[in-house]
Amino acid sequence: PASFWRPIQEEASGGDDDDDWGDDWGDEWGDDDDDNGAPSYPAVLAERGRLSQQQQRQGPRGGGARRLRRRENGRRLAGLIVALMKALEDVSLDDASLIAVLNRLKAALLATTLRDGSLLCAPLEKAMQAQRTEAVRIRVVRVAGELRAMDALRRIAVFDAAPSVRREAVEMLGWNGARRGSAVKDAAVATARDVVLGTDDDASVRAHALEWLAKLDDADGLGEKGLLRDRSAELRARAAELLGDVVARRAYGQQPTTTTESGDDVLPLTAPPVPAAAPRRVDRGRLRGESFLVRIGYDVATRRLAEAHVRDTHAGVRGAAACQLARLNAAGLVAVGLEDAAASHRLRVVDLLGDLEDARDVSVDFLRKALESDADAGVRRAALERLGRLGDPKRAIDDVGTKDPAVDVRERVVHWLGRLRRPDTLLEKSLPNDDAPSVRARAARALGDVFTFALSAAAAPHVPDSGDSGGEQQGLLVDGETNGGYSAGGASSSSTSLGAAALALTTTTTTTRSTTTLPQWGSLD
């Protein structure tokens with residue numbers, strides 16, 4: 001159409017279009033025109049060579065000659081481009097020839113400074129409709145991406161029949177969005193979010209759109225379109241991970257993975273930008289100030305993740321949402337999963353709460369709740385283990401764990417009571433009152449370990465560690481040894497006295513429950 005070739009001719013001829021060259025187009029190329037009035041590709045190449053030889057023979061001339069040459073160059077360039085575009089519609093050419101035509105067309109278009117992607121939409125889409133080979137159509141998409149034909153890319157991403165071609169169109173849309181101005185980026189994000197994720201039936205195409213939304217820092221699209229609405233559970237879980245990546249990067253001030261270039265430049269087709277590794281966890285100290293949380297989209301992202309954590313029908317998606325909530329240090333929203341119907345999910349929630357060491361004051365309350373009320377013994381045992389590793393600052397193991405209905409859980413309770421050096425609870429609850437012999441036996445062993453450790457600690461001189469301020473250091477007892485840097489001088493006299501009482505109680509209790517009489521221990525000194 002004239003709207004395409006006329007600006008190319010005027011630009012190439014320097015604006016000196018003093019003759020209506022469009023009227024005598026057929027006169028100049030008439031012998032080689034096809035039925036539509038456009039010159040054939042071989043005729044354009046032959047004429048181009050003839051004019052080039054003629055210019056070499058004539059040599060440099062005056063200003064009028066230069067204007068003439070510019071007009072002739074404009075005509076040749078426009079003719080070449082039109083012929084190449086018509087060649088793209090020729091289904092008789094093989095793939096190699098068509099790809100060569102595409103490369104030549106791209107070079108001819110780059111020879112101008114117009115580079116308006118909208119001019120390419122109609123011819124490129126005609127080429128897409130005429131060619132049935134995916135390799136050629138993918139090459140057309142790449143050329144469209146390099147030449148910024150965003151409208152053509154959007155339509156290809158929606159209407160092409162081959163998933164590989166649509167996926168390449170999404171790639172080129174994201175590639176342009178990462179390198180162009182904000183308007184191009186917004187157009188790429190809108191297409192990936194509203195069109196591809198909303199309508200495409202192929203999961204691989206939607207997955208590619210999700211990855212580009214994360215690279216372009218679109219948390220809203222990941223949460224609203226990917227996490228909450230995608231029909232694939234695998235992609236919903238992946239959207240949760242990418243949403244966590246985006247918010248974590250924002251919390252640490254990492255910029256989106258875009259390299260904005262001048263909108264008029266035609267950039268080489270290079271590999272897409274590689275996003276920086278997102279922080280594994282957002283420190284609680286960074287989540288300060290309401291304005292900061294709003295700026296990084298923390299509230300919106302956690303709300304979307306919390307909704308998926310509660311409402312999604314797939315346990316894997318709920319688990320992925322819970323992991324990202326823990327990553328963002330939202331302990332309260334993670335703990336909602338303790339009400340989940342699936343024991344496997346509640347078990348995962350317990351593990352996540354136990355890992356939130358910088359939110360320990362909140363996590364231990366939820367872990368106590370799980371230890372006290374969960375119907376599954378495996379979940380209660382996991383909560384017990386996490387409380388023990390956190391030091392059980394609120395003594396939930398003493399108050400709740402010793403009453404657990406499962407014998408194997410109570411066995412682990414006395415184990416942790418020994419490691420935490422709590423002989424009083426062992427002496428007052430587990431040893432005399434537990435109905436299971438295995439629990440009483442473990443309680444006796446734990447008391448013996450505490451007693452032995454207390455005696456050895458009292459006999460050894462206190463050698464302060466580099467970080468010891470002279471006071472008692474907290475540590476865990478593991479079969480008579482320390483875990484956590486406990487110093488020998490930190491033993492209290494109460495441990496020794498409780499150990500003596502434990503030995504006496506063990507002798508009395510065992511004699512009462514059995515006919516076997518234990519030997520006399522004599523003086524503890």
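Is D340 buried or exposed in this predicted model? At 14% relative accessibility, D340 counts as buried, where buried means under 20% relative accessible area, exposed over 50% and partly exposed in between, with a 1.4 Å probe and protein chains only. The structure is a predicted model, in which local features need pLDDT of at least 70 and side-chain atom pairs count only at pLDDT 80 or more, while totals for chains, interfaces and linings use all residues. Residues are numbered from 1 along each chain as its sequence is written, and side-chain values use heavy atoms, with hydrogens and water left out.

**Figure 1. The whole chain, with its helices and strands.** The chain holds 25 helices and 2 strands, which are DSSP runs numbered from the N terminus (helices are H or I with at least four residues, strands are E with at least two). Of the 525 residues in the chain, 45% are buried. The chain exposes about 24900 Å², of which carbon and sulfur atoms supply 49%; the accessible areas come from the Shrake-Rupley method with a 1.4 Å probe, and for residues only the protein chains shown count as cover. Among contacts between residues at least 6 apart in sequence, 70% join residues at least 24 apart, a contact being heavy atoms within 4.5 Å.

**Figure 2. The loop residue D340 and its partners.** D340 is found in the loop between α17 and α18 (343-355). Its side chain is joined to that of R318 by a polar contact of 2.9 Å; such a contact is a pair of N or O atoms within 3.5 Å, where within protein one must be able to donate a hydrogen and the other to accept it, and residues adjacent in sequence count only if both atoms are side-chain atoms. Leaving aside neighbours within four places in sequence, D340 is in contact with R318, H345 and R346.

**Figure 3. D312 in the loop between α15 (298-311) and α16.** With a relative accessible area of 13%, D312 is buried. The side chain of D312 makes a polar contact of 2.8 Å with the side chain of R236. When neighbours within four places in sequence are set aside, D312 is in contact with L227, R236, E307, V317 and R318. The C-alpha atoms of D312 and A233 are separated by 9.0 Å, although these two residues are 79 residues apart along the chain.

**Figure 4. The packing of helix α5 against helix α7.** Helix α5 (residues 95-110) and helix α7 (residues 134-146) pack at an angle of about 5°, with their axes 10 Å apart; the axes are lines fitted to C-alpha atoms, for helices over the stretch in contact, and angles run from 0 to 180 degrees between N-to-C directions. This makes α5 roughly parallel to α7, since angles under 35 degrees count as roughly parallel, over 145 as roughly antiparallel, 65 to 115 as roughly perpendicular and the rest as oblique. In this contact, D95, L98, I99, L102, N103 and K106 of α5 meet V136, R139, V140, V143 and E146 of α7. By class, the contact of α5 with α7 has 6 nonpolar, 1 polar and 4 charged residues, where Ala, Val, Leu, Ile, Met, Phe, Trp, Tyr, Cys and Pro count as nonpolar, Asp, Glu, Lys and Arg as charged, and the others, Gly among them, as polar.

**Figure 5. The packing of helix α20 against helix α22.** The two helices pack at an angle of about 5°, and their axes are 10 Å apart. That makes α20 roughly parallel to α22. On the α20 side, A377, R381, L384, E385, G388 and R389 meet D408, V409, R412, V413 and W416 of α22. The contact of α20 with α22 has 5 nonpolar, 1 polar and 5 charged residues.

Figure 6. Most residues other than glycine have a negative phi. At 8% relative accessibility, N329 counts as buried. D392 lies in the loop between α20 (377-389) and α21 (396-399), and is buried, with a relative accessible area of 1%.
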